[in-house]
Amino acid sequence: MKLHREHRVPLSSRAIQIVEALAKVKRSDFVFPGYKPERPLSNMATDMLLRRMKANEFTTHGFRSSFRDWAGDCTSFPEEIAEAALAHAVGDGTEQAYRRGDALERRRKLMDAWASYCAKPQSAKIVRLRR
């Protein structure tokens with residue numbers, strides 16, 4: 001992590017269901033195992049998938065950016081909760097020195113809202129990733 005500190009990630013209810021289903025077909029201690037035995041999925045795996053799909057207009061960073069735009073434009077969650085969900089430092093040095101919590105339960109509500117948003121059909125133009 002860029003901030004060199006632990007970043008706990010609250011899973012949405014749907015993400016927990018997916019992890020539980022994956023546990024039934026477990027082949028590694030990793031939730032997302034890599035190609036090599038006992039290694040996690042590479043940090044470049046999604047980039048490579050997009051390249052192979054010739055989906056050059058998309059980036060993995062774009063997924064994070066989409067989440068941030070949605071949180072800021074479509075919800076009433078405070079900015080610091082959305083930023084904390086992305087493991088971004090919030091506030092100046094003084095504020096960071098006094099803020100030791102990570103708002104895990106507030107971020108869990110944000111992740112549940114994001115999961116609900118992602119699961120429902122959207123009326124906007126849908127771009128097909130698979131060709």
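F67 counts as buried, at 6% relative accessibility, where buried means under 20% relative accessible area, exposed over 50% and partly exposed in between, with a 1.4 Å probe and protein chains only. The model is a predicted one, in which local features need pLDDT of at least 70 and side-chain atom pairs count only at pLDDT 80 or more, while totals for chains, interfaces and linings use all residues. Residues are numbered from 1 along each chain as its sequence is written, and side-chain values use heavy atoms, with hydrogens and water left out.

The protein chain holds six helices and zero strands, and from the N terminus on its elements run α-α-α-α-α-α; helices (H or I, at least four residues) and strands (E, at least two) are DSSP runs, numbered from the N terminus. The C-alpha trace of the protein chain spans about 45 × 40 × 25 Å along its principal axes, and 18% of the 131 residues of the chain count as buried.

The structure holds five aromatic pairs, a pair being defined by rings of Phe, Tyr and Trp (its six-membered ring) whose centres lie within 6.5 Å, with planes under 30 degrees apart counted as stacked, over 60 as edge-to-face and the rest as tilted. One of these pairs is formed by F67 and W70, which are tilted, with 6.0 Å from centre to centre and 40° between the planes. F67 and W70 are separated by about one helical turn, because they are three residues apart in helix α3 (residues 60–74). W70, with a relative accessible area of 7%, is buried. Another pair is that of W114 and Y117, which is stacked, with 5.8 Å between the centres and 20° between the planes. Both W114 and Y117 lie in helix α6 (residues 104–119), three residues apart, about one turn of the helix, and Y117 counts as partly exposed at 28% relative accessibility. F67, W70, W114 and Y117 form one aromatic cluster.

On the surface, a nonpolar patch is formed by V9, L11, I16, I18, V19, L22, V25, V31, F32 and L41, which together have about 820 Å² of accessible area. Patches are made of residues with over 30% relative accessible area and no salt bridge, like charges being joined within 9 Å and nonpolar side chains (Val, Leu, Ile, Met, Phe, Trp, Tyr) within 5 Å; accessible areas come from the Shrake-Rupley method with a 1.4 Å probe, and for residues only the protein chains shown count as cover. A salt bridge is a side-chain nitrogen of Lys or Arg within 4 Å of a carboxyl oxygen of Asp or Glu.

A patch of negative charge on the surface gathers E79, E80, D92 and E95, Asp and Glu being counted as negative and Lys and Arg as positive, without His and the chain ends. The place of a charge is taken as NZ of Lys, CZ of Arg, CG of Asp or CD of Glu. E95 is found in helix α5 (residues 93–98) and is partly exposed, with a relative accessible area of 43%.

Positive phi values in residues other than glycine are found at E38, near 60°, and at K54, near 55°. E38 is placed in the loop between α1 and α2 (45–52), whereas K54 is found in the loop between α2 and α3 and is exposed, with a relative accessible area of 59%.
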